[in-house]
Amino acid sequence: ILLGMITFPLLFTAFPMLADRGYGFAKIMGMLLIGWIAWFASNFRVPMWSQTGLLIVLLALVMLSAYLAYVRRIELTTFIQAHWQRLLTIEILSLILFVAFIFVRLSNPDLWHHPMGGEKPMDFAYFNAVLRTTVFPAYDPWFAGGNINYYYFGYVIVGVPTLLLKIVPSFAYNLIVPTIFSVTGMGAFSVAFNIVAAWSS
């Protein structure tokens, strides 16, 4: 929720025509922005992919959002006062989706191939490789001396809250699927809601 609140003033400014002003995408955009900035710098061998580096990026994002919120304080306050139920509905939906998939995760810990283990070992290995690196591309856990050079940016996005909060990877891994389900559901709801609102106006 905190990350979404920090990011919302940016989306509020960027999407003035949307009925929810981008609130439904605030959480995933927060992770994406912080992750992309740290990832981009780390590709130039600047070791930004760490808790300290992410905190620096987060602080910069907070300062930018605070500035935009101050500049648009009247418009932002008016919007929140008029549509707080709408924003609360999105948050409740987010929580429901998260909790629902927590139960799915508990009832079926392996979401791939039950008897054989599926892709979980490789998935978890890549996730750990991304978390342990300080510059990109990360090392390849399956190829000594090699680097991961494909299909790993998703681990960067979900690695943002993991590194910021210093969550144990094995614990974080079990929260990632419900988190992705939640923010994806919020995004789908936001798209549908904004389309209907535009048609109705």
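Select the residues lining the largest pocket and colour them by class: 18 are nonpolar, four polar and two charged, where Ala, Val, Leu, Ile, Met, Phe, Trp, Tyr, Cys and Pro count as nonpolar, Asp, Glu, Lys and Arg as charged, and the others, Gly among them, as polar. A pocket here is an open set of points on a 1 Å grid over the protein atoms alone, where a 1.4 Å probe fits and protein lies on both sides within 12 Å along at least five of seven lines, and lining residues have an atom within 4 Å of a point.

This is a predicted model, in which local features need pLDDT of at least 70 and side-chain atom pairs count only at pLDDT 80 or more, while totals for chains, interfaces and linings use all residues. Residues are numbered from 1 along each chain as its sequence is written, and side-chain values use heavy atoms, with hydrogens and water left out.

**The whole chain**

Colour next by pLDDT, the predictor's confidence in each residue from 0 to 100; the mean for the protein is 89, and 94% of its residues reach 70 or more. The C-alpha trace spans about 55 × 40 × 25 Å along its principal axes.

**Back to the largest pocket**

The largest pocket holds about 730 Å³ of space, a volume being the space filled by probe spheres set on grid points that are joined across faces, edges and corners. To centre the view, select Ile1, Met31, Pro161, Leu165 and Thr179, which are the closest to the pocket centre of its 24 lining residues. Helices H1 (2-14), H2 (26-42), H3, H4 (73-107), H6 (153-165) and H7 (169-200) each supply at least two lining residues, and the largest share, six residues, comes from H7.

Stay with Ile1, which is found in the segment before H1. Ile1 is exposed, with a relative accessible area of 60%; exposed means over 50%, buried under 20% and partly exposed in between, using a 1.4 Å probe and protein chains only. Ile1 touches Lys27 and Glu91, not counting residues up to four places away in sequence, with contact meaning heavy atoms within 4.5 Å.

**The second largest pocket**

Move on to Asp123, Tyr155, Ile176, Val177 and Ile180, the closest to the centre among the ten residues that line the second largest pocket, whose volume is about 210 Å³. H5, H6 and H7 each give at least two residues to this lining, and H7 gives the most, with four.

**The nonpolar cores**

Finally, show side chains for Ile34, Trp49, Leu54, Phe127, Val130, Phe136 and Tyr152, which touch the most other members of the largest nonpolar core, a group of 32 residues. Such a core is a set of buried Ala, Val, Leu, Ile, Met, Phe, Trp, Tyr and Cys residues joined through side-chain atoms within 4.5 Å. H1, H2, H3, H5, H6 and H7 each give two or more residues to this core, and H6 provides the largest share, seven residues. Zooming in on Ile34, and leaving aside its neighbours within four places in sequence, you will see contacts with Leu3, Leu54, Val57, Leu58, Leu61 and Val160. A second, separate core of eight residues includes Phe8, Phe12, Leu87 and Met186.
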